[in-house]
Amino acid sequence: MKKCLYLHIGMGKTGTTALQDFFWDNRKLLANCDINYPKYGVVANAHHLISPHIPPWLKDTWDFKAVSDWAPELAKSSQQRILLSSELIAWAEAGAVRHFCAEASQWFDIKVVLYLRRPDNIIMASYSQQIKAGPQRRRIDQIYTEQIDRFDYLKILAPWADSVGRENIIVRPYERQQFHGDDIRRDFMYHVFDVDLDARFTLSTIDSN
């Protein structure tokens, strides 16, 4: 019987860093819940090195791994559920998604987890972060026009649905008023793994960004 691979693919600006920090800080407790958040392929608490999407500026900087490099070992995990998280994955092209899923499905049953946020809110959040980080000379209306087409969520999800089946895609809204327990970490664990977090789990109050 195959283990289940849960791919948390983002998106960016939907609490991914907070989730990844939570997963990393609570790896032992997750293991007790039959969930393996592995060390393999990790950069900054996220599994960026297993991403089928390789940004050009990182291609020669990071050592990205093929599915054959990690799947056989993770399939031997003591836990039945394997959780991998990287917001890079959401930007993989359709061909890369299908190839990735075809290879990984030899070892695992696959479920895909994605948080969706209003595109205008994502663009504004990115713009605000860039302003804080340094000078931002472009106007927000220019950036909005350039980026809005990137957030065609049906197009992003289509190759995943074709590869693993719509029933294996878990989509959650990035809206605080809809979070289980008023917290995205509680929301993820409850809706993905049917786990209600108790006092044993570490929930950092530090802003991950």
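These legends describe close-up views of one predicted protein model.

**Conventions.** Residues are numbered from 1 along each chain as its sequence is written. In this predicted model, local features need pLDDT of at least 70 and side-chain atom pairs count only at pLDDT 80 or more, while totals for chains, interfaces and linings use all residues, and side-chain values use heavy atoms, with hydrogens and water left out.

View 1. Helices (H or I, at least four residues) and strands (E, at least two) are DSSP runs, numbered from the N terminus. Along the sequence the pattern reads β-α-α-β-α-β-α-β-α-α-α-β-α. The protein has 209 residues, and 46% of them count as buried. Buried means under 20% relative accessible area, exposed over 50%, and partly exposed in between (1.4 Å probe, protein chains only). The accessible surface comes to about 11,300 Å². Carbon and sulfur atoms hold 49% of that surface. Areas come from the Shrake-Rupley method with a 1.4 Å probe; for residues, only the protein chains shown count as cover. Among contacts with a separation of 6 or more, 73% join residues 24 or more positions apart. A contact means heavy atoms within 4.5 Å.

**View 2. Five strands form an open sheet.** Which order do the strands take? The order is β2-β3-β1-β4-β5, with parallel pairing. β2 and β5 stand at the edges, each with a single partner strand, so one side of each has no neighbour in the sheet. Two strands pair if DSSP finds at least two bridges between them. Helix α8 (184-193) lies across β1, β2, β3, β4 and β5. α8 runs at about 145° to β4. Axes are lines fitted to C-alpha atoms, for helices over the stretch in contact, and angles run from 0 to 180 degrees between N-to-C directions.

**View 3. Strand β1 (3-8) is mostly covered, with six of its six residues buried.** In a regular strand the side chains alternate between the two faces of the sheet. On one side of β1 are Lys3, Leu5 and Leu7, all buried. On the other are Cys4, Tyr6 and His8, also buried. Six bridges join β1 to β4, and five join β1 to β3. Both pairs run parallel. Cys4 has a bridge partner in each of these neighbours: Asp109 in β4 and Arg81 in β3. Lys3 stands opposite Phe108 in β4.

**View 4. Strand β4 (108-116) is largely enclosed by the rest of the structure, because seven of its nine residues are buried.** Five bridges join β4 to β5, and the two run parallel. Val112 stands opposite Ile169 in β5.

**View 5. Helix α3 (67-74) has a buried side.** Val67, Trp70, Ala71 and Leu74 are buried in α3. Why do they count as one side of the helix? They cover an arc of only 105° around the axis, which puts them on the same side of α3. The arc is that of the directions from the helix axis to the C-beta atoms. Ser68 and Glu73, on the other side, are exposed. The cover over the buried residues includes β1, β2 (35-36), β3 (81-85), α4 (94-104) and β4.

**View 6. Helix α4 buries Val97, Phe100, Cys101 and Ala104.** These four cover an arc of only 95° around the axis, which puts them on the same side of α4. Their cover includes β1, α3, β4 and α7 (153-164).

**View 7. Asp183 sits in the loop between β5 (169-173) and α8.** Is Asp183 buried or exposed? At 15% relative accessibility, Asp183 counts as buried. A polar atom of its side chain lies 2.7 Å from the backbone nitrogen of Arg185. A polar contact is a pair of N or O atoms within 3.5 Å; within protein, one must be able to donate a hydrogen and the other to accept it, and residues adjacent in sequence count only if both atoms are side-chain atoms.

View 8. Met11 is in the loop between β1 and α1 (16-25). Asn45 belongs to the loop between β2 and α3. Asp194 is in the segment after α8. With a relative accessible area of 65%, Asp194 is exposed.
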